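Open the model in your viewer and keep the selection tool at hand. This tour goes stop by stop, saying what to select and what is there.

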Amino acid sequence: MRVQIMGAGALGCLFGYLIQRAGYDVIFVARGKQLEALKKGLRISGLVEDFVEVNAKENPVNADVTFVTVKAYDTENVARILAEVNCGVVCSLQNGIGNEEILMRYLDRVLGGVTTYASNLVDYGHVEFAGMGETFVGDLSGEITDDVLKVVEVLRNSGINAEAVRDIRRRIWLKAVINSAINPITAVCRCRNGAVAEVRELWKVAERIALEGEEVMKALGFEVEDVPEIVREVAMKTRNNRSSMLQDIERGRRTEIDFINGAIVRTAKELGMDTPFNELMWLLVKGVERLGLD
Ligand code: KPL
């Protein structure tokens, strides 16, 4: 069986490595310096130390399962080029809201995925396996389809904790709401995740963002409660992490804010609700992005 990683960055390389180690034929699709480095091999450090040869390509190929791990702002481009090949079952493992809907505009067999596995790109071609986690896979319809079971089987055979779930939409939203309360604060204040829960003033902001997200989720019909407490737990559990958004800002790269706080604000507006703290963070991060990128 051939498995394709579309966007072989930190998480994509980690999953690709684990899946290849289990004996699957894995294609790592990457660009630029990462592609050049992967052609020489993939180094893994942290929980596992290894160096392996990988099959790295610039463009996607036919596959049985394709994991999409690109940044949310690249989803549309990736969906277009995936539509030119037979990419099999497509499972998004991305951050943010709306990726699956974009993929579904171009592709037939799309699944949602959420993972808490932690990985960092140490350098091009070198990924740190920073922490085990949980991975949930589901069809947006809520059905446990054969495609869902197939993807979960690949992950489990590779030693990745994975579960087929009916409530993948809720899980995608909850992860985005957690990110909405942690990531922008860390990006604007240039702090590690722990500060969001530990610094009283920052916590007041995070709590308000989380409560707004919780209200929007409830208005969408998702069962959810005490989101601020969940945010506090995640911030403390990942207290030494530099969030993905902070790392993007530090590298002068575009962030996923439009697909996190931006998506919450847009959805709230459609529902006739106000989310002023999310809107403020959205604007601030866009401003910080512009200052760094110009
Ligand atoms: O998912 C994350 C991110 O950085 O994007 C958290 C949970 C905040 C961990 O760093």
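Which domains does the domain assignment of the protein chain give? Domain 1 covers 2-166 and domain 2 covers 169-293. These bounds come from an automatic or database domain assignment.

Two notes before going on. This is a predicted model, where local features need pLDDT of at least 70 and side-chain atom pairs count only at pLDDT 80 or more, while totals for chains, interfaces and linings use all residues. Residues are numbered from 1 along each chain as its sequence is written, and side-chain values use heavy atoms, leaving out hydrogens and water.

**Stop 1: the sheet of eight strands**

Select the strands in the order β5-β2-β1-β6-β7-β8-β11-β12. They form an open sheet with mixed pairing. Helices (H or I, at least four residues) and strands (E, at least two) are DSSP runs, numbered from the N terminus. Two strands pair if DSSP finds at least two bridges between them.

Now go to the edges: β5 (55-57) and β12 (162-164) each pair on one side only. Neighbouring strands here are turned by 25° against each other on average, direction ignored.

Contact means heavy atoms within 4.5 Å. Axes are lines fitted to C-alpha atoms, for helices over the stretch in contact, and angles run from 0 to 180 degrees between N-to-C directions.

Zoom in on β11, residues 135-138. β11 and β12 pair in the parallel sense over three bridges. Phe136 stands opposite Glu163 in β12.

**Stop 2: the sheet of four strands**

Which order do the strands of the open sheet of four strands have? The order is β4-β3-β10-β9, again with mixed pairing. β4 and β9 stand at the edges with a single partner strand each, so one side of each has no neighbour in the sheet. From one strand to the next, the twist averages 25°.

Select β3 (residues 42-46) and β4 (residues 50-52). They run antiparallel and are joined by three bridges. Leu42 stands opposite Val52 in β4. A hairpin of three residues leads from β3 to β4.

The bridge partner of Ile44 in β10 is Val127, and that of Gly46 is Phe129.

Show α1 again. This helix lies across β3, β4, β9 and β10, and runs at about 105° to β9.

**Stop 3: between the domains**

Colour the two domains separately. Their C-alpha centres lie 24 Å apart. In contact are 18 residues of domain 1 and 19 residues of domain 2. The area buried between them is about 1,800 Å², with carbon and sulfur atoms giving 56%. Buried area is the accessible area (1.4 Å probe) that two parts lose on being put together, summed over both. Select Tyr73, Asn95 and Ile97: they supply 41% of the area that domain 1 buries against domain 2, more than any other three residues.

How many salt bridges are counted between domain 1 and domain 2? The count is two. A salt bridge here is a side-chain nitrogen of Lys or Arg within 4 Å of a carboxyl oxygen of Asp or Glu. Finish at Lys71 and Asp248, which form a salt bridge with the closest N and O atoms 3.1 Å apart.
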